[in-house]
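Me: I would like to go through the labels attached to this structure one at a time, and to set each against the rule behind it.

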Amino acid sequence: MEAASLAHGVASPREGMIKNVSLESLQLCERDGKAEDTGVVGMEELPVARNIKISNITCDSFKICWDMDPHTTEKITHYFIDLNKKENKNSNKFKHKDVPTKLVAKAVPLPMTVRGHWFLSPRTEYTVAVQTASKQTDGDYAVSEWSDIVEFCTADYSSVHLTQLLQKAEVIAGRMLKFSVFYRNQHEEYFQHCRDVLGGRMMPSVKDNSGSHGSPLSGKLEGIFFSCNTEFNTGQPPQDSPYGRVRFQVPAEVLFTPDTRLYFGDFYCMYTAYHYVILVLAPRGSSGDLYCSDRLPELDVTNNRFLTRVCGEDGRVVFQHAQDVILELIYTEPVSLAQGTVSQISGHQLMSLSTVNAKKDPSCKTCNISVGR
């Protein structure tokens, strides 16, 4: 089907210019939320779109169709589509005297695909309403009444979009450095709770909303965050952390076993020069593995740009991490404190480096792709 694309740079619905339509020829007035005849010609015979259905929703597109009286469809030349983010409470009400709709599309067979890389964002609730229109010989439009307002929510990034992020992350990953431990910093109260209440285990929790807005991990995947980055000059984990001065440290081979699958999850920055890569470590067949296998690109554990596990000729396993990105690792199963050690670090708690619910910089050309942020 023919697709309708939202033009870049258009203002909010009924506030910007309609493509190929001059502002002078489309002047609508506010009166009970309906168009008044001040340049757009009313036409009672035009059918009102009813029973609107939204389908095939992705992170940056959807299909739309509706019911109309078949005896009047031949009069329709165009559709006016008013698309708004739901949080705008006045989204489907006229706000000014001169308020054309956001999108005008030629009347094509339904369902019609609407896509707009610069307007539709993933995981975002929208409202949509439709007018049918007939272009007149003088260039004006006769229009129907607006349809009822319909709500829908766009989807997460697909595996195709995540692969695009993966490819961007690979460009800046840098050379690989050896490491030997995964570590997790928290306050002493956290570890005491694990001992007293959770049977000496750290338990998975739902990932926060940090990173890309379209990530299928946020608010859905359960796991435990770990780090593995090392200081270049010492080869050891840094002594500073934004998350607390008590550190759990576990040998890499305990979590990253031959039966562990590795997935790429996200690539983002927070208005700084540092870039973060989220990886998921999921034991094969676990609930986390099943969730990720349908949604995330899987990485070859012996040959990727971020985190590797390679068995040498001498039988020793060597672990390496990328030097030029900060890795955030999500392990999807409980971890016993008995599998590692808990001790206090000597450095500072650098709160400014925390990524808890961190928002991605939508203007960064290094870590954004050409869909909604």
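Reply: Let us begin with a definition: a residue is buried under 20% relative accessible area, exposed over 50%, and partly exposed in between, with a 1.4 Å probe and protein chains only. The model is a predicted one, in which local features need pLDDT of at least 70 and side-chain atom pairs count only at pLDDT 80 or more, while totals for chains, interfaces and linings use all residues. Residues are numbered from 1 along each chain as its sequence is written, and side-chain values use heavy atoms, with hydrogens and water left out.

Me: Why is Met68 called partly exposed?

Reply: Met68 has a relative accessible area of 21%, and the partly exposed class lies between the buried and exposed limits, so Met68 is partly exposed.

Me: Where does Met68 lie, and what does Met68 touch?

Reply: Met68 is in the loop that runs between β4 (61-67) and β5 (78-85), where strands are DSSP runs of E with at least two residues, helices are runs of H or I with at least four, and both are numbered from the N terminus. Leaving aside residues up to four places away in sequence, Met68 touches Pro47, Val48, Ala49, Thr73, Ile76 and Thr132, a contact being heavy atoms within 4.5 Å.

Me: What makes β15 and β22 a pair?

Reply: Two strands pair if DSSP finds at least two bridges between them; β15 and β22 have three bridges, in the antiparallel sense, and therefore they meet the rule. Phe226 has Leu329 in β22 as its bridge partner.

Me: Which order do the strands of the open sheet follow, and which are the edge strands?

Reply: The six strands run β14-β15-β22-β18-β17-β19, with mixed pairing. The edge strands are β14 and β19 (298-299), because each pairs on one side only.

Me: What makes a space a pocket, and how is its volume defined?

Reply: On a 1 Å grid over the protein atoms alone, a pocket is an open set of points with protein on both sides within 12 Å along at least five of seven lines, and lining residues have an atom within 4 Å of a point. Grid points are joined across faces, edges and corners, and the volume is the space filled by probe spheres set on the points; for the largest pocket it is about 1,200 Å³. Of its 45 lining residues, the closest to the centre are Ser227, Pro242, Tyr243, Tyr276 and Ile326.

Me: Which strands supply at least two residues each of that lining?

Reply: Among them are β15 (222-226), β18 (275-283) and β22 (326-331).

Definitions and conventions. On a 1 Å grid over the protein atoms alone, a cavity is a set of points where a 1.4 Å probe fits but cannot get out, and a pocket is an open set with protein on both sides within 12 Å along at least five of seven lines; lining residues have an atom within 4 Å of a point.
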